[in-house]
Amino acid sequence: MPTLDWIGKDKVVNHHLDVPYRVLERQYSYDAEGMHTEDNGSDNMIIHGDNLSALKSLLPQYEGRIKCIYIDPPYNTGNEGWVYSDSVSDPRIVKWLGEVVGKEGEDLSRHDKWLCMMYPRLKLLQRLLSDDGVIFISIDNNEKFNMKLICDEIFGANRFVSDIAVINNLKGRSDDKYIATAHESLLIYRNSDYITRGVPVPDEYVTEYKLSDELGKYRLQGLRKRGAGARREDRPNMFYPFYYDAKNGYLSVTRESDDMIEILPHLSDGSDGRWRWGMDTAKERITELTVQKVKGRGEYDVFQKDYLPDDGSKRVKPKSFWSGTEFSAETGTLQVKSILGKDVFETPKPVGIVEYCIEQAMDKDSIILDSFAGSGTTAHAVLNMNKADGGNRKFILIEMMDYADSITAERVKRVIDGYGSGKQAVEGTGGDFSYYELGETLMEHGRLNEEVCADKIREYVYFTETKQRLAPVSIEEPYLLGVHINTAYYFYYERAQITILNREFLHTVKTDSEAYVMYADLCTLSDAELEKYHITFKKIPRDILKL
């Protein structure tokens, strides 16, 4: 598989492993009662801070749990005068490049810098994605082809789903030199078990359902397979005859009289093709089939009645281009202006594009992550959809810029409460979220940072051991972290005193397990005792001399 190389790649390929875990410190919560310091228990998060550190800090709770990721990273256009700097010249990124890439970074081109910035972030996003998850990436031609190559490398070329053309400016950009660009791209990559939910039938499809019977409106779709894999030898078990009584309009997969006409799936050149359904399916769904004589061929063919449900439940695959006012850049600008009362972003994403992604990728209880949150469009889309169908979708937004509270979170607050006035008033969606800042690192120079609360340390230790989420603390066994693959994990830690793994502590253990991993400051059990009870002792990495 072709791979992309650039100056500094060797420094960033595994850099995500060196990023320290940080504590996420809740600053406030927001809900129907407004803003308050008490934790409202919301699963919705807005995090202010470098998204590389924030993504790493999400791993203990969310690795492998995110069903949908949408990101709108910097397009690297070179423009730097915006509130949202669409380049990689932000001082924090420059500082980071100097620390990670080193002196070599002084020779990096604009594209090298962008690739160095994106690669470790995509590696962490890939770890957060669930097995049935999918990631959508908005991008334009400045870095689209570089993005495609590094995503092939990180997610796998076989996990590429599509390159969608999103028509965001139907007139085209007049300042383009040769071609008035009318679209940008949306790259889609899936994980192993992803299955699209499709989208509601678009309005232009509805006009195709011109026929009707007692079951409702329908359109006819040929049962004969078309396109690739349509030959008899491609699926031999799907080549079989139908039998049709033209006088009575009766269709069957078995010949019930000599007068019945045999119908086989013939290709346009007269060779044998195949049906889209196997014989068992055809038997079960025979009432959905009808027969018509095909003009020009002078023979009968079998068609499926594809019904359009009245309740709007029918779904179809989205096309490879998305066009409509809901996807236009102007719509996104007007949406933000109507909420915040001013232009605060040059080209904020419209809510419609994220809603269309969610339609395909998420059920009503899934989590969506946006690590380049910008104006908060992703949260707006989730809140809209939850209000519309009573869903419980959750969002996690990360924004590194200083406007994370004044713009990103402020927009979400106003969407929850409602905004505008008079005829332009928009009713609130309801909902809630908590706002976080990046806090202390969990480890410092190989030792626990004991300024961090014990719950966060426990969560971190259990995750590093098992890659699993920490369960609630047991009242009976407060030092038990959990049991994973027949091993019980104990973290015997007290901030203000030395802990000792000894016989007295063993008498407090109530969980029966095949093996044990036990953390403490010291251990007085003999090697023979550790072996007898299948215990692996691990010393808590802290300076006990201070105690």
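A cavity is a set of points on a 1 Å grid over the protein atoms alone where a 1.4 Å probe fits but cannot get out. The model is predicted, so local features need pLDDT of at least 70 and side-chain atom pairs pLDDT 80 or more, while totals for chains, interfaces and linings use all residues. Residues are numbered from 1 along each chain as its sequence is written, and side-chain values use heavy atoms, without hydrogens or water.

**Stop 1: the second largest cavity**

Select Arg22, Ser57, Pro60, Lys456 and Glu459. These five lie nearest the centre of the second largest cavity. In total, 14 residues line this cavity, meaning that they have an atom within 4 Å of a point. Now colour β1 (22-31), α3 (51-62) and α13 (454-466), the elements that each give two or more residues to this lining. Helices (H or I, at least four residues) and strands (E, at least two) are DSSP runs numbered from the N terminus. The volume is about 130 Å³, counted as the space filled by probe spheres set on the points, which are joined across faces, edges and corners.

Which element gives the most to this lining? The answer is α3, with five residues. By class, the lining has nine nonpolar, two polar and three charged residues. Asp, Glu, Lys and Arg count as charged; Ala, Val, Leu, Ile, Met, Phe, Trp, Tyr, Cys and Pro as nonpolar; the others, Gly among them, as polar.

**Stop 2: α3 against α5**

Axes are lines fitted to C-alpha atoms over the stretch in contact, with angles from 0 to 180 degrees between N-to-C directions. The crossing of α3 past α5 is left-handed: the near helix is turned anticlockwise from the far one by less than a right angle.

Show Asn51, Leu52, Leu55, Lys56, Leu58, Leu59 and Tyr62 on α3. They meet Pro120, Arg121, Leu124, Leu125, Arg127 and Leu128 on α5. Contact means heavy atoms within 4.5 Å. Nine of these residues are nonpolar, one is polar and three are charged.

**Stop 3: the largest pocket**

A pocket is an open set with protein on both sides within 12 Å along at least five of seven lines. The largest pocket holds about 1100 Å³ of space. Select Asn168, Arg173, Glu184, Ala329 and Thr347, the closest to its centre among 48 lining residues. Then colour β6 (160-167), β7 (183-190), α9 (329-340), α10 (351-361) and α11 (377-389), which each give two or more residues. The most come from β7, with three. The lining divides into 17 nonpolar, 19 polar and twelve charged residues.

**Stop 4: α12 and its partners**

Select α11 and helix α12 (residues 405-417), whose axes come within 9 Å and cross at roughly 15°. These helices are therefore roughly parallel. Here the crossing is right-handed, with the near helix turned clockwise. Thr377, Ala379, His380 and Leu383 in α11 meet Arg411, Val412, Val415 and Ile416 in α12. That contact has five nonpolar, two polar and one charged residues.

The axes of α9 and α12 come within 10 Å and cross at roughly 75°. That makes α9 roughly perpendicular to α12, the label for 65 to 115 degrees. Finish with α9 and α12 in view: Gln335, Val336, Ile339 and Leu340 of α9 touch Ile407, Glu410, Arg411, Arg414 and Val415 of α12. Five residues of this contact are nonpolar, one is polar and three are charged.

Definitions and conventions
Angles under 35 degrees count as roughly parallel, over 145 as roughly antiparallel, 65 to 115 as roughly perpendicular and the rest as oblique.
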